[in-house]
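Q: Can we go through the ligand site and then a pocket? Here is the model.

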Amino acid sequence: MKIVLAPDSYKNSLTAKQVAASIKKGFQKVYPNAEYVSFPMADGGEGTVQSLVDAKNGQIITEKVVNPLGNPTEAQYGLIDDGSVAVIEMAQASGIQYINQFTQNPYITTTFGTGELIKSAIKHGAKTVIIGIGGSATNDGGAGMAQALGAHLLDEKGDELQYGGAMLKKLDKVDISEMLPELSDTEIIIASDVTNPLTGPNGASHVFGPQKGANEEMVEFLDEALSHYADVLKRDLGKDLENVPGAGAAGGLGAGLLAFTNSQMRSGVDIVVNYTGLKEKVKGADVVITGEGQIDFQTKFGKTPIGVAKAAKAVDPDTTVIAIAGSVGEKISELYPLGIDAIFTCVPGIEELSKAIQDTDKNLQQVSENIARLIKKV
Ligand SMILES: O=C(O)[C@H](O)CO
């Protein structure tokens with residue numbers, strides 16, 4: 001019996017590695033001698049660094065960077081494959097957790113710290129940088145990120161723009177002559193959490209600006225600023241990004257990365273499946289167990305369980321794929337035709353969220369044992 005455990009993390013509760021360990025303990029009560037292969041997974045969002053570092057025995061690097069408000073902070077990223085590949089979550093340096101109702105202000109928040117993480121990864125020898133973007137406090141189109149990598153974003157007087165989305169309105173010229181030279185040999189793979197364009201009603205400012213503190217007037221101003229930024233990028237760098245899907249992710253960092261680096265957008269979970277070699281590991285598996293904190297029909301839009309199911313079924317359509325979630329939401333039947341054979345929640349009954357989170361390990365073991373008993377019977 002070969003059992004592959006490839007879950008995502010359960011947000012605010014367990015890392016993907018811990019989830020896999022809990023499921024394994026439950027299964028071992030029924031199948032003590034099975035072959036277990038644990039594969040912490042992720043989809044480019046929160047937990048991607050930890051999952052890839054765990055899956056590939058990588059290394060966590062801590063770097064002093066600037067947070068979105070321009071204050072010093074420490075942020076982490078991962079190095080895998082002997083340091084040749086870096087894994088970054090932009091939110092570690094420029095995420096929404098750094099702001100509160102008193103400090104939130106997308107006119108001034110910056111992605112400079114994300115650029116510092118990319119620079120650090122390159123200085124450590126990374127030739128490929130996987131960057132998960134989303135969960136940001138910023139609306140600066142990745143301008144701060146580009147400045148940290150040596151780009152000059154200049155106003156009419158030739159002065160460097162200050163941090164923040166509002167400043168982009170003053171952008172007159174982009175000069176990339178002093179950007180980090182190694183960037184031209186660095187492949188950047190972007191895992192974006194959304195497919196929104198840079199500007200317009202579905203763009204970064206209109207859709208995600210309010211959650212970062214923008215009122216109606218600010219949203220309009222920021223949208224115009226990003227539109228002007230896109231015009232200058234098109235004129236000075238020859239990149240037309242305004243309507244590219246994902247350009248509006250992380251306050252337009254998607255556009256910034258596409259404009260200033262050798263980058264391409266890919267599905268986050270496909271990147272992780274690829275880098276962990278999951279398809280190789282699921283060969284010969286009798287059962288593949290995946291999961292995430294919350295499963296519902298939206299899981300089909302590139303979340304971990306679907307990525308795992310697709311990989312497993314591509315290798316062998318007869319492999320049984322089971323998902324275990326903390327909470328199971330609406331229309332999960334939409335996931336069955338996509339490769340997930342059955343979905344279970346690990347929460348035993350109605351209880352406080354804090355209690356469910358606290359008991360996740362125990363609950364996961366319990367439901368896993370039950371699933372194993374059922375499989376044995378069948
Ligand atoms: O950071 C943001 O703006 C949202 O997560 C969308 O990417």
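A: One term before the list: a residue is near a molecule if one of its heavy atoms lies within 4 Å of it. This is a predicted model, where local features need pLDDT of at least 70, side-chain atom pairs count only at pLDDT 80 or more, and totals for chains, interfaces and linings use all residues. Residues are numbered from 1 along each chain as its sequence is written, and side-chain values use heavy atoms, with hydrogens and water left out.

Q: Which residues are around the ligand?
A: Gly134, Gly135, Ser136, Asp193, Val194, Phe208, Lys212, Ala249, Ala250 and Gly251.

Q: What is 2.6 Å from an oxygen atom of the ligand?
A: A polar side-chain atom of Asp193, and one of Lys212 as well. For Ser136, a side-chain N or O atom is 2.7 Å from a ligand oxygen. A polar contact here is a pair of N or O atoms within 3.5 Å.

Q: How much of the ligand's area does the protein bury?
A: 96% of the 230 Å² that the ligand exposes when taken alone, by the Shrake-Rupley method with a 1.4 Å probe.

Q: Other topic. What is the volume of the second largest pocket?
A: About 280 Å³. A pocket is an open set of points on a 1 Å grid where a 1.4 Å probe fits, with protein on both sides within 12 Å along at least five of seven lines; lining residues have an atom within 4 Å of a point. The volume is the space filled by probe spheres set on the points.

Q: Where does it lie?
A: Between domain 1 (2–40 + 282–377) and domain 2 (48–268), because both give residues to its lining. The bounds come from an automatic or database domain assignment.

Definitions and conventions:
A polar contact is a pair of N or O atoms within 3.5 Å; within protein, one must be able to donate a hydrogen and the other to accept it, and residues adjacent in sequence count only if both atoms are side-chain atoms.
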